[in-house]
Amino acid sequence: MKVWTEIAAGRLAGNFAALSSMISDSAPAGPEPMALLAVIKANAYGHGIDPCAGILAKAGAEWLGVTDAHEGARVRAVLSASGSGEGIASTSQKRAMGQPEVLVMSGTVGLPGEAECIAKNGLTAVIWELSHVQRLAEAAGDGRPLRVHVEVDTGMSRQGVAPGPALETMLRAIAEEPRVVLDGVFTHFAATQVAGSEQTAAQQASFEAAIEQVAGSGLKPRWVHVGNSSYLDNGTPGDSRQRSSLAWVRAAAARLGARPMVRSGLALYGYVLPIEGPGLSLAGAHVLPVMTWKTRVIGVREVQPGAQVGYDGAFLAERPMRLALLPIGYADGLRREFSSTNAKAGGWVVIRGERALIVGRVSMNLTTVDVSGIADVGEGDEVTILGDGVSAEDHARVVRTIAYEILCGVRVGE
Ligand SMILES: *Cc1c(COP(=O)(O)O)cnc(C)c1O
């Protein structure tokens with residue numbers, strides 16, 4: 001293999017456990033324990049959905065979140081094949097003996113084949129349009145009724161039904177359709193990385209209104225959920241802001257006699273966004289990066305001053321240099337913004353524990369790095385593209401994007 005990733009199963013399970021205990025420590029004990037929905041959409045943020053689904057199910061995840069029905073079907077197949085749950089004893093592991101519930105998070109129900117795939121694989125659909133109720137009812141047919149989570153749009157103008165008349169109509173349609181069961185109500189916040197955000201407060205108020213409407217409808221959802229990694233990490237442990245964000249979910253769920261849940265993706269994979277705002281600089285979750293992305297040196301050469309390196313001669317050797325060639329490029333997801341010129345630094349990789357700077361353009365399948373200062377580099381040596389010494393945040397800073405996009409962009413050949 002010329003390019004591959006290594007997934008630290010122990011770290012992924014450990015991050016799940018750390019976040020789970022953080023939410024139980026930070027909210028006052030209530031009758032219903034709070035759950036953590038493990039988001040594994042988009043191929044588990046580039047980590048590979050097959051191993052991640054298995055690891056998180058074994059770690060005790062009650063819910064997994066996927067992008068669409070076909071990703072959900074894949075998760076069902078992987079978990080059935082691994083027969084998760086044999087010969088294990090602890091409480092959380094017993095829970096894994098039954099498969100976790102799977103939420104199809106991007107509301108793709110309206111696309112051809114999706115509703116049928118949801119029905120066939122026992123997935124839970126996210127819905128917000130009346131037409132979604134109809135599509136699912138048809139897909140359910142004479143079989144088991146299908147469970148849905150209604151997303152409420154509290155201010156992102158993306159997915160979701162607005163509180164008020166639209167939600168009223170939606171709830172009535174569900175109440176009148178025996179083949180569709182309201183299993184959950186949720187919303188998504190736009191700015192949870194901001195401490196004490198007014199936008200979040202306004203969204204919370206809007207969601208509270210929606211919860212009152214659900215309470216008045218007579219429907220009894222089992223789950224109420226919100227948030228993402230930053231929401232549950234908005235403050236250090238014991239910080240009143242964090243306590244209040246989690247206590248707020250608990251209160252919203254209690255109003256409906258439902259179980260509270262928070263969703264997390266990025267933090268499961270070991271990254272947290274810095275919380276923006278006075279007095280809060282560092283997030284409280286202790287999580288460790290899960291992915292290492294690697295390749296190998298395929299050649300080493302000496303060049304003399306004046307030698308051009310790569311396309312456009314964008315980099316010119318100014319001294320004798322030793323260059324290592326790597327069989328990875330932007331076709332693999334190594335961003336072209338990592339390129340450097342003499343005037344402008346680019347990205348770096350790690351070889352033998354040391355930084356090797358990228359020189360010249362990153363090309364489609366090849367990248368050149370400077371190993372002049374690293375002893376004994378030779379063909380076949382392992383190279384860390386992302387991992388110890390170079391994080392997804394480092395990549396994101398150079399590329400001017402967010403760690404999410406870097407992780408999702410990692411591609412490894414089969
Ligand atoms: C992706 C997603 C999440 C997870 O967000 P992170 O910031 O990765 O924790 C949570 N909720 C919804 C609705 C999402 O789409």
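Predicted model: local features only at pLDDT ≥ 70, side-chain atom pairs only at ≥ 80, totals over all residues.

Visitor: Is E177 buried or exposed?

Guide: The relative accessibility of E177 is 11%. A residue counts as buried under 20%. E177 therefore belongs to the class called buried.

Visitor: Which backbone atom does the side chain of E177 reach, and which residues is E177 in contact with beyond its neighbours within four places in sequence?

Guide: The side chain of E177 comes to 3.0 Å from the backbone nitrogen of R179. With the neighbours within four places in sequence left aside, the contacts of E177 are V133 and A137.

Visitor: How do α8 and α9 cross, and which residues meet there?

Guide: In general, the packing of two helices is described by the angle between their axes and the distance between those axes. For α8 and α9, the axes come within 10 Å and the crossing angle is roughly 35°. The crossing is right-handed. The residues that meet are L167, E168 and L171 of α8 with A210, Q213, V214 and S217 of α9.

Visitor: Which strands does helix α9 lie across?

Guide: Helix α9 covers residues 198-217 and runs at about 160° to β7. The strands that α9 lies across are β6, β7 and β8 (223-226).

Visitor: In what order do the strands of the barrel close?

Guide: The barrel is made of 8 strands, and their pairing is parallel. On average, neighbouring strands of this sheet are turned by 30° against each other, direction ignored. The order is β2-β3-β4-β5-β6-β7-β8-β9.

Visitor: How many bridges pair β6 with β7, and what is the bridge partner of R147?

Guide: Strand β6, residues 146-152, pairs with β7 in the parallel sense over 7 bridges. The bridge partner of R147 in β7 is V181.

Visitor: Which strands does α7 touch as it packs on the sheet?

Guide: The direction of α7 makes about 160° with that of β5. The strands touched by α7 are β5, β6 and β7.

Visitor: Where does E129 lie, and is E129 buried, partly exposed or exposed?

Guide: E129 is placed in the loop between β5 (124-127) and α7 (130-140). The side chain of E129 makes a polar contact with the side chain of W128 at 3.4 Å.

Visitor: What distance separates the C-alpha atoms of E129 and E151?

Guide: E129 and E151 are 22 residues apart along the chain. The separation of their C-alpha atoms is 9.6 Å.

Visitor: In the hairpin of β15 and β16, which residue takes a positive phi?

Guide: Strands β15 (residues 348-351) and β16 (residues 354-357) pair in the antiparallel sense over 4 bridges. One of the bridges joins V349 to A356. The hairpin has 2 residues between the strands, and the residue with a positive phi, near 50°, is R352.

Technical notes: Residues numbered from 1 in each chain as written. Heavy atoms only, no water. Pairing = 2+ DSSP bridges. Buried < 20%, exposed > 50% of the residue type's maximum accessible area, 1.4 Å probe, protein only. Polar contact = N/O pair within 3.5 Å; in protein donor to acceptor, adjacent residues only side chain to side chain. Contact = heavy atoms within 4.5 Å. Axes fitted to C-alpha atoms, helices over the stretch in contact; angles between N-to-C directions. Left-handed = near helix turned anticlockwise from the far one by under 90°.
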